[in-house]
Amino acid sequence: VGRQSRTLVVFVYLAMSFAFIDETISTHIGRWTYHTSMPLLWGVGISPLLELAVTGVITLSVLPKLVRR
């Protein structure tokens, strides 16, 4: 596995970990709640978990192309 692949895996892991912690704290202190139709994984909404990782990966893949211009 190449260095870029390992970096990507670490980034996704960290992003999902941060999202999990943030969502857990936010729902426990009542900052927001989930609709009953929200699929949950260990009590946390799946889409918020994936959102930070996916948008981060997109940003990291597009940003170098924009900076080179």
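I take buried to mean under 20% relative accessible area, exposed over 50%, and partly exposed in between, with a 1.4 Å probe and protein chains only.

**Ground rules.** I am working on a predicted model, where local features need pLDDT of at least 70, side-chain atom pairs count only at pLDDT 80 or more, and totals for chains, interfaces and linings use all residues. Residues are numbered from 1 along each chain as its sequence is written, and side-chain values use heavy atoms, with hydrogens and water left out.

**Overall fold.** I looked up the secondary structure and found 2 helices and 2 strands in the protein chain. Helices (H or I, at least four residues) and strands (E, at least two) are DSSP runs, numbered from the N terminus. Read from that end, the order is α-β-β-α. The protein chain is more spread out than a compact globule, because its radius of gyration is 15 Å, well over the 11 Å that the globule rule gives for 69 residues. For the record, that radius is taken over C-alpha atoms, and the rule is 2.2 Å times the number of residues to the power 0.38. I also noted that the C-alpha trace spans about 45 × 30 × 20 Å along its principal axes. Of the 69 residues, 14% count as buried.

**S26 and T27.** Is S26 buried or exposed? S26 is buried, at a relative accessible area of 0%. T27 counts as partly exposed, at 23% relative accessibility.

Next I checked contacts, meaning heavy atoms within 4.5 Å. Leaving aside neighbours within four places in sequence, S26 is in contact with R31 and W32. With residues up to four places away not counted, T27 touches W32 and Y34.

Then I turned to the side chains. That of S26 reaches the backbone oxygen of D22 at 2.9 Å, and that of T27 reaches the backbone oxygen of T24 at 3.2 Å. I also looked at T27 and V12, 15 residues apart along the chain, and their C-alpha atoms are separated by 22 Å.

**Largest pocket.** A pocket here is an open set of points on a 1 Å grid over the protein atoms alone, where a 1.4 Å probe fits, with protein on both sides within 12 Å along at least five of seven lines; lining residues have an atom within 4 Å of a point. Which residues line the largest pocket? I found Q4, T7, L8, V57, L60 and S61. The elements giving two or more residues to this lining are α1 (3-28) and α2 (46-68).

How values were computed: A polar contact is a pair of N or O atoms within 3.5 Å; within protein, one must be able to donate a hydrogen and the other to accept it, and residues adjacent in sequence count only if both atoms are side-chain atoms.
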